[in-house]
Amino acid sequence: MNKCLDIVFIGLSLSSAWGNGHATTYRALLRGLKSKGCRLTFLERDVPWYAAHRDLPQPDFCDLFLYSDPDELMRRFGARLLEADAVIVGSYVPDGVGVIDRVAALSPQRLCFYDIDTPVTLAKLDRSDAEYLARRQMHLFDLYLSFSGGTVLKTLERDYGVRKAAALYCAVDRDRYAPTGAPLVWDLGYLGTYSPDRQPGLERLLVEPARRLPHMRFVVAGPQFPAGIDWPDNVERVDHVSPADHADFYSRQRFTLNLTRADMVAAGWSPSVRLFEAAACGVPIVSDYWHGLSGLLGNTVLIARDTEDVVAALSQLPEVRRQEIARDANRIVLDRHTGEARAGQLIATLKEMAGQARDASSRSTNHREVPHAQTHA
């Protein structure tokens, strides 16, 4: 694998960022891989809810193809899967279990899984929920790439039969996420799809602060929020922000709020792409707490455990300190958490595995040849 890598992804979505965080994660990673000379193909299930909200129908960094079901996937792209250096199937792929079985049956050169939802995946498997991955399939992958790091990697190998687990955190596209100079509009904003297990945190860390600070302005952006939520008058609701408008959206916030799903809080070391996006745009972050946050971003995030912490940050933190926190987080993200950085990590891991496979093959061949030579001595 000294040549540039040929990689095929089968993922939830690349073409539409509506209602999911996968698309922006894939876009940053694939742009990074393209910048390093990789040949890239992305295969995406054609579903109506993404078809109605496609903001990247023709990417310039990879070949994107849509398919209707696993049978069509194999019929049209089986040969492409076999010629690739690596096939990477993502989490939450529709009919994922069937897709994985069919791809594994082809015996591609290297079969990998990219779990952008690792703690959620493991919680599902523990409940015998095989929505997109079955426990029996865990050993099929040469490499299990995990959105979560830390002790989860050992757990995957020890308890779930994964051959090799490696962290591949989400990343930000530095060319598309940067301060825009837009005037400040909101004191605190939140960007994310509605999730029942995140909603109590949103109530505690944004809605209640808005009630206590009626002179300040807040915004909650994202789809699928129930109609019955009682939003204070100073909380603006935006149903969807296109990725093309993310940087401007962040730049209009004095602080941005990060909220983490319960399974990911429990696992730790599970950063949301929103963390990296906001930091790249120069916005200081207020976040709920989870283990590993400081390991990824140092002490550049304001931890909020209750309403009072948020109120204090919004009303008491000196402006000089606010800007200092934002600069420090921006520096760390642009150094460690870009698509180019993740692409480099993935390429290095795949090439290391290829080298190990060659070494193992060589040792096996040599082991077979020695008795043969002795027989004819």
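The model is predicted, and every value below was computed from it. Strand β1 (residues 6–11) has six of its six residues buried, and strand β8 (residues 186–191) likewise has six of its six residues buried. The largest nonpolar core holds 91 residues, and a second, separate core holds 26 residues.

- Strand β1 is largely enclosed by the rest of the structure, because six of its six residues are buried.
- In a regular strand, side chains alternate between the two faces of the sheet.
- In β1, D6, V8 and I10 point one way while I7, F9 and G11 point the other way, and the residues of both sets are buried.
- Strand β1 runs parallel to strand β2 (residues 39–45), to which six bridges join it, and within this pairing I10 stands opposite L43.

**Strand β8 and its partners**

- Strand β8 is mostly covered, with six of its six residues buried.
- Four bridges join β8 to strand β11 (residues 253–258) in a parallel arrangement, and in this pairing Y190 has L257 of β11 as its bridge partner.
- Strand β8 is paired with strand β9 (residues 218–221) as well, again in the parallel sense and over four bridges, with L191 standing opposite A221 of β9.
- Between β8 and β9 the chain passes through helix α7 (residues 199–212), and this β-α-β crossover is right-handed.

**Nonpolar cores and buried contacts**

- Within the largest nonpolar core, which has 91 residues, F9, I10 and L33 touch the most other members.
- Helix α10 gives the most to this core, contributing six residues.
- Once neighbours within four places in sequence are left aside, the contacts of I10 include L43, Y67, L73, L81, V87, I88, V89 and G90, and V93, V99 and V103 are also among them.
- The second core of 26 residues is separate, and its members include V207, M216, V220 and A313.
- Residue A279 lies in helix α10 (residues 273–280) and is counted as buried because its relative accessible area is 0%.
- Not counting residues up to four places away in sequence, A279 touches I285, A329, N330 and V333.
- A279 and P179 are 100 residues apart in sequence, yet their C-alpha atoms are 9.3 Å apart in space.

**Aromatic rings**

- The structure holds 14 aromatic pairs.
- One of these pairs is formed by Y92 and Y132, whose ring centres are 4.4 Å apart and whose planes are at 35°, an arrangement that counts as tilted.
- This pair links distant parts of the chain, since Y92 is in the loop between β4 and α4 whereas Y132 is in the loop between α5 (118–126) and β6 (143–146), 40 residues apart.
- Y92 is partly exposed, with a relative accessible area of 23%, whereas Y132 is buried, with a relative accessible area of 3%.
- The pair of F113 and F141 is also tilted, because the ring centres are 5.2 Å apart and the planes are at 40°.
- This second pair likewise links distant parts of the chain, with F113 in strand β5 and F141 in the loop between α5 and β6, 28 residues apart, and both residues are buried.
- Ring pairs also link F9, Y26, F42 and Y114 into a cluster.
- R305 lies over the face of Y289, at 4.9 Å from the ring centre.

- D95 counts as partly exposed because its relative accessibility is 42%.
- S107 also has a positive phi, near 60°, in a residue other than glycine, and lies in the loop between α4 and β5 (111–115).
- S107 counts as exposed because its relative accessibility is 56%, and the cut-off for exposed is over 50%.

Notes: Residues are numbered from 1 along each chain as its sequence is written. This is a predicted model: local features need pLDDT of at least 70, side-chain atom pairs count only at pLDDT 80 or more; totals for chains, interfaces and linings use all residues. Side-chain values use heavy atoms; hydrogens and water are left out. Buried means under 20% relative accessible area, exposed over 50%, partly exposed in between (1.4 Å probe, protein chains only). Helices (H or I, at least four residues) and strands (E, at least two) are DSSP runs, numbered from the N terminus. Rings of Phe, Tyr and Trp (its six-membered ring) pair if their centres lie within 6.5 Å; planes under 30 degrees apart count as stacked, over 60 as edge-to-face and the rest as tilted. A charge sits over a ring if NZ of Lys or CZ of Arg is within 6 Å of the ring centre and within 35 degrees of the ring normal. Two strands pair if DSSP finds at least two bridges between them. A crossover is right-handed if, with the strands pointing away from the viewer, the path from the first strand over the helix to the second runs clockwise. Contact means heavy atoms within 4.5 Å. A nonpolar core is a set of buried Ala, Val, Leu, Ile, Met, Phe, Trp, Tyr and Cys residues joined through side-chain atoms within 4.5 Å.
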